[in-house]
Amino acid sequence: MAAGGDLDLLIGTRWKKPPFIRRAWLRWLLILGTGAYLVAAVASVEVNWARVYEGLERGAAFVAAFGDPDFTSRWQDIRDGMLESVIMTIASTVAGILISIPIGLGAARNIAPLPVYLVCRGIIAISRALQEIIVAILLVAIFGFGPLAGFLTLSFATIGFLSKLLAEDIESMDRVQAEAIRATGASWLQWVNYGVQPQVMPRLVGLSMYRLDINFRESAILGLVGAGGIGATLNTAFDRYEFDTAAAILILIIGTVMALEYISGIIRAKVQ
Amino acid sequence: MAIISLPDGHRTWRRFTPRAQILRWFGYLIGVAVFVWCWNRISEATTWFFVWDAPRIAGDILTRATPPRWSYMEKLWWPIWDTINIATLGTIAALVMAVPVAFMAARNTTPQISVSPVVIRMIPPFLRPVLMTSTGQDSYTIGPIRPIALLIIVSTRSINSLIWALLLIAIIGPGVFAGIVAIAIRSIGFCAKLLYEAIEEIDHGQVEAVTATGGSRWQVMAYGIVPQIMPAFAGIAVFRWDINIRESTVLGLVGAGGIGLQLSSSLNVLAWPQVSLILLVILLAVVISEWVSAKVRGAII
């Protein structure tokens, strides 16, 4: 750390761990600022400890419900809700991928002209800035209750996610391969199909699987605002304090997500 | 890649062999069939009359929502403060809980025992990647706590914060506190997963150097491992904070405090000018938090 003459000064002194932030004034400013903020923030949170204490019993009941989930008494609702969630997930992921491919191509600076690039980046920015649940509220207001609003919401969210990552992947691709295809006299479509697509395909498959996973998780909450899926059933179960049914639904959601992660791991290992 | 002979005797290049081509088309066929089936189910559950009417409704809502009711802003400052607190305090609580989980989940820091190959053969193959922490020539180690840590990670991650909020409101009642706890629990899995991957990628030489000086287990951790994962930790914290700002803006929809509460009550009375103002505020908050997080991560990494 110290060279030459500085070393003599250091000999005999005890070694101290170098601080994470080297500039002393910045370090102290950050520490004091954080401390002041935390005091103000904690002070402004009103906690009704008596209510929390009462709730602990219900919390214990809920944890116990996980040991004894009730799949049977509301099985009809659970099955319909899960099926609707799965349908929304698959349909919206497929639609989202199909739409994100052209937008992703358009949002890659190295293959798209500037006006197309700006339009596509704009679409991506809007899609990423709006949360699913807010989009779902607006779409339910416009299209009415039901899975169509959920389908549109998830497709819209998928576009922002996939197009952005696809565009970044295309921008960092190997130019040489693409140039080789162009040198054979390929048309633009052939160039994309043979020069660009094989390079980004493995990652696109991996990202699509990941998005399928996210869409399923999101589809579980869209029901809260009436956009279809298992969320409505779950909300009802919580409202009626039927913790054993709620536990059953949560176990199904966790199980499905785990299965999806396992499958996507296998598929990703295959394509890469 | 294949060279195939055409019926007229010429040989030509194709990207896929005929067999692969047929398999691919078959795959696409199944994909299309599944999609069409899903679409039919969605279409059955839809009232198409409303959908055809949608452009008029959308136009109607847009005219009602503009201009935003700017004077409503004075009632939003306190919810905005609450929203920021939910995200920040939730992130801090999540990090505190995520650190031990991450150390238990990382293959190189989880408590482990060495076992003989006989024991390994008794573990079902699909459990081996979860349980086993290292394989040598004839020495194997398994981490008995690792599956529990991984289960915590996957279960907290796979349930949305709105669902956690619903659950916590049923248990401890509505309010900001439920929101903080919901955000905290939801973020454990995310933070612990990224953190344990960072721990697994550390340079082993530094750990060995501290061990060689006679450092205890905790000293090895504090001087050999922690400095190496500190940048990753700071990056994860800011990244998750950014996501949590987004999520905490909507937690109020189910009653867990923050600006979503105002959004929900404005929606209930169809006060569209207030809704549009709140949506603008949320959009601004999301953009600012993303900008802050990008700046801070840029400075760290």
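Gly226(A) is buried, with a relative accessible area of 18%. Buried here means under 20% relative accessible area, exposed means over 50%, and partly exposed lies in between, with a 1.4 Å probe and protein chains only. This is a predicted model, in which local features need pLDDT of at least 70, side-chain atom pairs count only at pLDDT 80 or more, and totals for chains, interfaces and linings use all residues. Residues are numbered from 1 along each chain as its sequence is written, chains are lettered from A and ligands numbered from 1 in the order in which they are written, and side-chain values use heavy atoms, with hydrogens and water left out.

Stay with Gly226(A) for a moment. This glycine sits in the loop between helix H9 (188–222) and helix H10 (231–239) of chain A. Helices (H or I, at least four residues) and strands (E, at least two) are DSSP runs, numbered from the N terminus. What does Gly226(A) touch, leaving aside its neighbours within four places in sequence? The partners are Val140(A), Phe145(A) and Gly146(A). Contact means heavy atoms within 4.5 Å. Gly106(A) is 120 residues from Gly226(A) along the chain, and their C-alpha atoms are separated by 34 Å.

Now take chain A as a whole. Its secondary structure comes to 11 helices and 0 strands. Read from the N terminus, the elements run α-α-α-α-α-α-α-α-α-α-α. Chain A is more spread out than a compact globule, because its radius of gyration is 26 Å, well over the 19 Å that the globule rule gives for 272 residues. The radius is taken over C-alpha atoms, and the rule is 2.2 Å times the number of residues to the power 0.38. The C-alpha trace of chain A spans about 70 × 70 × 35 Å along its principal axes. Of its 272 residues, 43% are buried. Among contacts in chain A with a separation of 6 or more, 75% come from residues 24 or more positions apart.

The surface and charges of chain A come next. Chain A exposes about 14400 Å², and carbon and sulfur atoms supply 66% of it. Accessible areas come from the Shrake-Rupley method with a 1.4 Å probe; for residues, only the protein chains shown count as cover. The chain carries 22 positive and 22 negative side chains, with the centres of the two sets 10 Å apart. Lys and Arg count as positive and Asp and Glu as negative, while His and the chain ends are not counted. Each charge is placed at NZ of Lys, CZ of Arg, CG of Asp or CD of Glu.

Turn to chain B. There are 13 helices and 5 strands in this chain. Its radius of gyration is 27 Å, whereas a compact globule of 301 residues would have one near 19 Å. Its C-alpha trace spans about 75 × 75 × 40 Å along the principal axes. Of the 301 residues, 46% count as buried. Residues 24 or more positions apart make 67% of the chain B contacts with a separation of 6 or more. The accessible surface of chain B is about 15800 Å², with 69% belonging to carbon and sulfur atoms. Chain B has 22 positive and 15 negative side chains, and the two centres lie 6 Å apart.

One buried site in chain B is Ser161(B), with a relative accessible area of 2%. Ser161(B) is found in helix H8 (residues 161–172). Apart from neighbours within four places in sequence, Ser161(B) is in contact with Ala182(B), Ile183(B), Arg186(B), Glu247(B) and Leu251(B).

How do the two chains meet? The size of an interface is often given as the accessible area lost when the parts come together. Chain B and chain A bury about 5300 Å² between them, 76% of it on carbon and sulfur atoms. That buried area is the accessible area (1.4 Å probe) that two parts lose on being put together, summed over both. In chain B, Arg15(B), Ile42(B) and Ile171(B) lose the most area to chain A, together 11% of what that side buries. The contact takes 63 residues from chain B and 61 residues from chain A.

Finally, look at the backbone. Most residues other than glycine have a negative phi, and most peptide bonds are trans. Tyr241(A) has a positive phi, near 55°. Tyr241(A) lies in the loop between H10 and helix H11 (243–271) of chain A, and is partly exposed at 44% relative accessibility. Leu270(B) also has a positive phi, about 55°. Its place is the loop between helix H12 (259–268) and helix H13 (272–300) of chain B. Leu270(B) is exposed, at 57% relative accessible area. Which kind of peptide bond joins Thr66(B) and Pro67(B)? The bond is cis, with omega about -10°. Pro67(B) lies in the loop between helix H3 (54–65) and helix H4 (77–105) of chain B.
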